Amino acid sequence: MTAEVDPAAGPAMSYVYAVSRTGTPLESALTGRPGLEGSPLRTVRSGELLALVSSVPSALYGTEGVTAQMEDLDRLEVLARTHHAVVEAAYEHATVLPMRLVTVYLDDGRVRGMLAEREAEFSALLSRLEGHVELGVKVYADPREAVTVSGLGPEADAAAGPGRAYLQKRRAQQQNHRTTYRSAGTVAAGIPARVANLARAHVAHRPQLGDLARAAGENIVNDAYLVDGTQAEAFRAALSGLADEVPGVRVEITGPWAPYSFATPPSAGGGEPR
């Protein structure tokens, strides 16, 4: 049964966070926990599959409402954090297919229809992801942290004169910048071979820029690897210290996460309710 939402915000719609199999602890583990807009989570079943959903108001999650939310960075952050928190909580109880952010259907009946239509596809994906986690690998280049060219101290400035000293400093900065990014590229190129025997699949995402790139330096590699959960520590060990002796280059490993990058979401996701 679809939960009620504030009538002033429009009719209730069904927001889907993840898909899993029936007969797992997930069927009851998260029921009643608050999801988006504080609406309690519930499950919708069809055949051997279930969807973890909650009710959301159409004024905010219909096409126009979603567009407005995507343009409000503060609101978008709350939406994304809540969505991902629900998925991560679900993954503690069962293998799940995380759905794309803002996967919305007009009602639970449409959700059941989606599950029935894609049962074979989702069942195959769940079998593939069983026992696996996602690990992220990011490579950063930060010329400011790299070792600068020597011989440009105050004595050199005085001997060369202000104009020449400035040109020397600029050349050194440019050389340092090129060297740092070249080194970062070399480090990145060596990662796949180091984890080839530990990763089942690999996805290259766009590097994070702007507000998404909160770490120091520029993110030049933002990849995801599908790894057997029992091999997660071995994966980390394989990349441990990879850039320790490379000035201005840093490798960051994140996770384990639910395997977002390796789950195919329904085509109705992304603010297009059906």
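I take helices and strands to be DSSP runs, numbered from the N terminus. The model I examined is predicted.

Entry 1: I found an open sheet of four strands in the order 2-3-1-4, paired in the antiparallel sense. Strand 2 (42–46) and strand 4 (97–105) stand at its edges, and each has a single partner strand, so one side of each lacks a neighbour in the sheet.

Entry 2: I then followed strand 1 (residues 12–21), which pairs with strand 4 over five bridges in the antiparallel sense. Which residue of strand 4 is the bridge partner of Val19? I found that Leu97 is that partner.

**Entry 3: helices across the sheet.** I turned to helix 5 (residues 108–117), which lies across strand 1, strand 2, strand 3 (49–57) and strand 4. Helix 5 runs at about 50 degrees to strand 2. Helix 6 (residues 119–129) lies across strand 1, strand 3 and strand 4. For helix 6 I recorded an angle of about 50 degrees to strand 1.

**Entry 4: Leu60.** I located Leu60 in helix 2 (residues 58–61). Is Leu60 buried, partly exposed or exposed? I classed Leu60 as partly exposed because its relative accessibility is 31%, and the partly exposed class lies between under 20% for buried and over 50% for exposed. Leaving out residues up to four places away in sequence, I listed Glu37, Gly65, Val66, Gln69 and Arg75 as residues that Leu60 touches. I also checked Met13, 47 residues from Leu60 along the chain, and found their C-alpha atoms separated by 9.9 Å.

How values were computed:
Residues numbered from 1 in each chain as written. Predicted model: local features only at pLDDT ≥ 70, side-chain atom pairs only at ≥ 80, totals over all residues. Heavy atoms only, no water. Helix = DSSP H or I, 4+ residues; strand = E, 2+ residues; numbered from the N terminus. Buried < 20%, exposed > 50% of the residue type's maximum accessible area, 1.4 Å probe, protein only. Contact = heavy atoms within 4.5 Å. Pairing = 2+ DSSP bridges. Axes fitted to C-alpha atoms, helices over the stretch in contact; angles between N-to-C directions.
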